[in-house]
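Hi everyone, and thanks for making time.

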Amino acid sequence: MRIKLDLHVHTVYSFDSSVDAAGLLEECRRKGLAGVAITDHDSLQGGLAFAAELEQLVIIPGEEIRSAEGEIIGLFLREEIPPGLPAPETMELIHRQDGLVVIPHPFDYVKLRRMTASRLSKLSRHIDALEALNGKPRYWGANRKAAAFAARQGIPVSAGSDAHRAEDVGRVYVEMDEFTNPGEFLVALRGATLHGSRYSPWASQLERWKARMR
Ligand SMILES: [Zn+2]
């Protein structure tokens, strides 16, 4: 069976997100998502807590780790990985616990915490997937560039909303075959289709201000 998953979601365990378990569940039901990958900033707590609490969803526990060379997502993690380590060491720590290395928004030049293309090329054999569709890149070409880079390097692509609010969950998602472990997930990801479109973080901010003034 094909399922829909949003592979980049922040929860209340990130300092800048308001997504709680109830909101996540409601949004997944409304949009027909089987689940999400939880990728909080430098924390695996949300992934583990939500996986335990939301058994009716497919929750992939993950972490968006700020390595010394830029952000790296670890999926299927069991142990939290500290920020600030060199990128190769961060990737090694992910793989040692049978996790998967995913590089988020690699060509979004406004995001200062991203890894550079030359580093990604050098480390490409340690990268399991590259995020080719992120819900809120600051400029249009970033996703296209990421997709082209992944194709050149032969790396599978992933997609996620990068949601920090419940209503943004599922704006971007992958549709893929079901899986039971990280290895199967990776095989399924090669046959996945990416869906959704960019949304503006500034528009989201504007909506928030308007709501506050009402
Ligand atoms: Zn993120």
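Let's begin with the sheet. It is an open sheet of nine strands in the order S7-S6-S5-S4-S3-S2-S1-S8-S9, and the pairing is mixed. The edge strands, each pairing on one side only, are strand S7 (157-160) and strand S9 (193-196). From one strand to the next, the twist averages 30 degrees.

Some housekeeping before we go on. This is a predicted model, where local features need pLDDT of at least 70, side-chain atom pairs count only at pLDDT 80 or more, and totals for chains, interfaces and linings use all residues. Residues are numbered from 1 along each chain as its sequence is written.

Helices (H or I, at least four residues) and strands (E, at least two) are DSSP runs, numbered from the N terminus. Two strands pair if DSSP finds at least two bridges between them. A residue is buried if 20 or more other C-beta atoms lie within 10 Å of its own, exposed if 12 or fewer, and partly exposed in between, with C-beta atoms placed from the backbone.

Now to strand S1. Six of the eight residues of S1 are buried, so the strand is largely enclosed by the rest of the structure. Strand S1 (residues 2-9) pairs in the parallel sense with strand S2 (residues 35-41) over three bridges, and Asp6 has Val36 in S2 as its bridge partner. S1 and S8 run antiparallel, joined by four bridges, and here Leu5 stands opposite Val174 in S8. The chain gets from S1 to S2 through helix H1 (residues 21-31), a right-handed β-α-β crossover; right-handed means that, with the strands pointing away from the viewer, the path from the first strand over the helix to the second runs clockwise.

On to helix H5. H5 has 13 residues and reaches 18 Å from its first C-alpha to its last, close to the 18 Å expected at 1.5 Å a residue, where the expected span is 1.5 Å times one less than the number of residues. Which residues of H5 are buried? They are Ala142, Asn143, Ala146, Phe149 and Ala150. Seen down the axis of H5, they fall within an arc of 125 degrees, so they line one face of the helix; the arc is that of the directions from the helix axis to the C-beta atoms. These buried residues pack against helix H4 (117-122), S6 and S7, with contact meaning C-beta atoms, placed from the backbone, within 7 Å. The face turned away from the buried side carries the exposed residues Gly141, Ala151 and Arg152. Just after H5, Gly154 takes a positive phi of about 70 degrees.

Most residues other than glycine have a negative phi. Asp98, not a glycine, has a positive phi of about 60 degrees, and Asp162, also not a glycine, has a positive phi of about 60 degrees. Asp98 lies in the loop between helix H3 (87-96) and strand S5 (100-103), while Asp162 is in the loop between S7 and strand S8 (172-177). Are they buried or exposed? Asp98 is exposed, with 12 other C-beta atoms within 10 Å, whereas Asp162 counts as buried, with 26 C-beta neighbours inside 10 Å.

Notes:
Axes fitted to C-alpha atoms, helices over the stretch in contact; angles between N-to-C directions. Contact = placed C-beta atoms within 7 Å.
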